Amino acid sequence: MITTISIEHALPRVFVSEKIPASDVWQTSLTLKRAERYLIEAASGGGKSSLCAYIFGARTDYEGRILFNQTDVAGFSIEKWQEIRRRHIAYLPQELSLFPELTAWENIQLKNRLTSHVPDSRIEEWMEMIGIAARRDYPCGRMSIGQQQRVAIIRSICQPFDFILLDEPVSHLDEENNRIAARMISEEANRQGAAIVSTSVGNPLLLADPIRLSL
Amino acid sequence: MSFISRLLRKNISPARIAGFILSNFIGLAIVLGGLIFYLDARSIWDSEDSFIRSDYLVINKKVTSEHTLKGASSFSEEEFNEILNQPWVRKAAPFTAAAYRVRASLNQGGRGMSTAMFFESIPDEYVDVPKSQWSWREGSDEVPLIISKDYLTLYNFGFASAAGLPQMSEGLMSGIPLSITISDEEGNNAIRLNGRVAGYSNRLNTILVPQNFMDWSNRILKENANPSDNSNSSNNSNPSDISNPSPSPARIIIDVNSPGDVAINDFLSAHNYEVAGDKTAAAASFLLKLVVGIVLAIGGVITVLSLFILMLSVSLLMEKNRDKLHSLLMLGYPLGSVGAPYCRIVISASVGAGLLALVASALLRHAYLEPLRGLGAGTGSFWPVIILDIILTAHIILFNILAVRKKVKASWRISR
């Protein structure tokens, strides 16, 4: 179990030679704790996606250190990262990374069959709740961005996690769907005792009383 | 089919995979066909004469009427040394001839025959018979012999039918005790021995006994004949020494580097020397090895090229699907299961090509086996071909799986 994620004096390498405004994350010490809610806000280009990719082990182009339970992630093997991605950290990337040739259902099952985390009936309930049940067997490539975003949200919670990283998860959703998504994610995070880390450039996930951090 | 397979098999080029299967099949079929042909064909030259390796030559001087008048078609010490110094000679040794009389008699259910004979010997290292079959200890009265196959033929088709004696097979002949009596030039000091035929040779026109028996018998009969001459002969007991007390050697056995070398023929004809026995066997065996070697090399090159074709096509396929591979790894899929669809392609294509090549080599063999049997070939085992096929296919699979693993790892982190 990962109980804390510490970001110590981290800075994307592209910012190293630049003068950056004061930040709650970069070039300081920040510890994210399990069971908390975080909302990271910044203007476009502030490095939100980079931060998510660093924490998720997808990129390493940063100065400073990132620690899981006080252990520097720089020494993790590929196999260790894959296990973390299956059991400890869920991630919804901004670009969604859905497979356009697979249907909504198949895209979700691609994750759920790997983790065997929730029963099919639960996934169907979620699809119903967020209004994409009718698009269950549609190839994702033929869906609107908003619909794709909802598929990706369901896929991201089909796994056990201690932290869920959501990179602008509701940028294409209306307020109604935003609330539903926030409720679904929060319920699943509560059930697992996990933390939610969501980023936003102006349309934040509507979490109840999140800790606000600015980049 | 799982979602992963459906995703990752996209962009597969059936033409490229077929190209691999075809080239791998051709390469393997040439290698396997060459090998099985070699294994079957070599018995034409090798199997009947396992006593003397095919790269040994036995040479003698051509007998001319001059020799009949003057005697001695034997090699002098200078001539022997000249042979030893030829670049194609690995080693050489003279034949030692018996300097005494030999009589052999055969007793077959009351009817017997008796004949005058002779013995020769060559150092034991030139005789390719297990030590246990080709040894004689002083005091033992059983002497192993290797006799020319021609002698058995002469007996069976010449003497036996004329004299009304039964014909004998090699096996039967080997089972019949041969009484041998050796005595000095005057017929005195006779020693009785039992001969045991250890084998028949196509390539040695002689009756061969172990070298130590020859040394012993030459010495003992000389001692008995000239008791005063003792000290002289015992100093010269080195069997391969040209200054052996027995007459100068009439024949020499040579271990040559490559029996097909033209330099050998040139040298022999320039000196009026003859190669004894089946002269073509050594050259044919050498040519067979050479041709099979070339065929195997060509097949090997094609096989290696096909390995690269497969590597390239899988690599290209994975490159096209790189974003998908990356996305799957981001979802937490283990490296092994992401690479699995490609490994399955590699395995099924390689195993398919391997099986086709095996079938092709079996068909090839079926086609040539009848005519080859007519030339006197035995049937070798098919197992070496199956084993080689498995080894080569396993290597192709192994190299490709390693390449797939490397490629999956490279897609894990798309660096920016």
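Predicted model: local features only at pLDDT ≥ 70, side-chain atom pairs only at ≥ 80, totals over all residues.
Me: Where in chain A is Ile130(A), and which residues does Ile130(A) touch?

Reply: Ile130(A) belongs to helix α4 of chain A, residues 120-130. Leaving out residues up to four places away in sequence, Ile130(A) touches Arg150(A), Ile154(A), Asn177(A), Ile180(A), Ala181(A) and Met184(A). As for Val151(A), its C-alpha atom is 9.0 Å from that of Ile130(A), and the two residues are 21 apart along the chain.

Me: What makes a group of residues a nonpolar core?

Reply: The members have to be buried residues of nonpolar kinds such as Ile, Leu, Val and Phe, joined through C-beta atoms within 7 Å. The largest core here has 105 residues. Ile154(A), Phe163(A), Ile164(A), Leu165(A), Val197(A), Leu32(B) and Val314(B) touch the most other members. Helix α2 of chain B, residues 14-46, gives the most to this core, with 15 residues. There's also a second, separate core of 37 residues, with Leu57(B), Leu145(B), Ile147(B) and Ile180(B) among them.

Me: Which residues does Phe163(A) touch?

Reply: Not counting residues up to four places away in sequence, they are Ile2(A), Ile5(A), Leu32(A), Ile89(A), Ala194(A), Ala195(A) and Val197(A).

Me: How do you know that β6(A) and β7(A) pair up?

Reply: Two strands pair if there are at least two bridges between them. Four bridges join β6(A) to β7(A), residues 163-167, so the test is passed. In one of these strands, β7(A), Ile164(A) is the bridge partner of Ala90(A).

Me: Why are β6 and β9 of chain A said to stand at the edges?

Reply: The open sheet has five strands, in the order β6-β7-β8-β3-β9 (chain A), with parallel pairing. Both β6 (89-92) and β9 (211-214) of chain A have a single partner strand, so one side of each lacks a neighbour in the sheet. From one strand to the next, the twist averages 15°.

Me: What is chain B built from, and how many of its residues count as buried?

Reply: Chain B has 13 helices and twelve strands. Of its 416 residues, 32% count as buried. Among contacts in chain B with a separation of 6 or more, 85% come from residues 24 or more positions apart.

Key:
Residues numbered from 1 in each chain as written. Chains lettered and ligands numbered in written order. Helix = DSSP H or I, 4+ residues; strand = E, 2+ residues; numbered from the N terminus. Buried ≥ 20, exposed ≤ 12 C-beta atoms within 10 Å, placed from the backbone. Contact = placed C-beta atoms within 7 Å. Axes fitted to C-alpha atoms, helices over the stretch in contact; angles between N-to-C directions.
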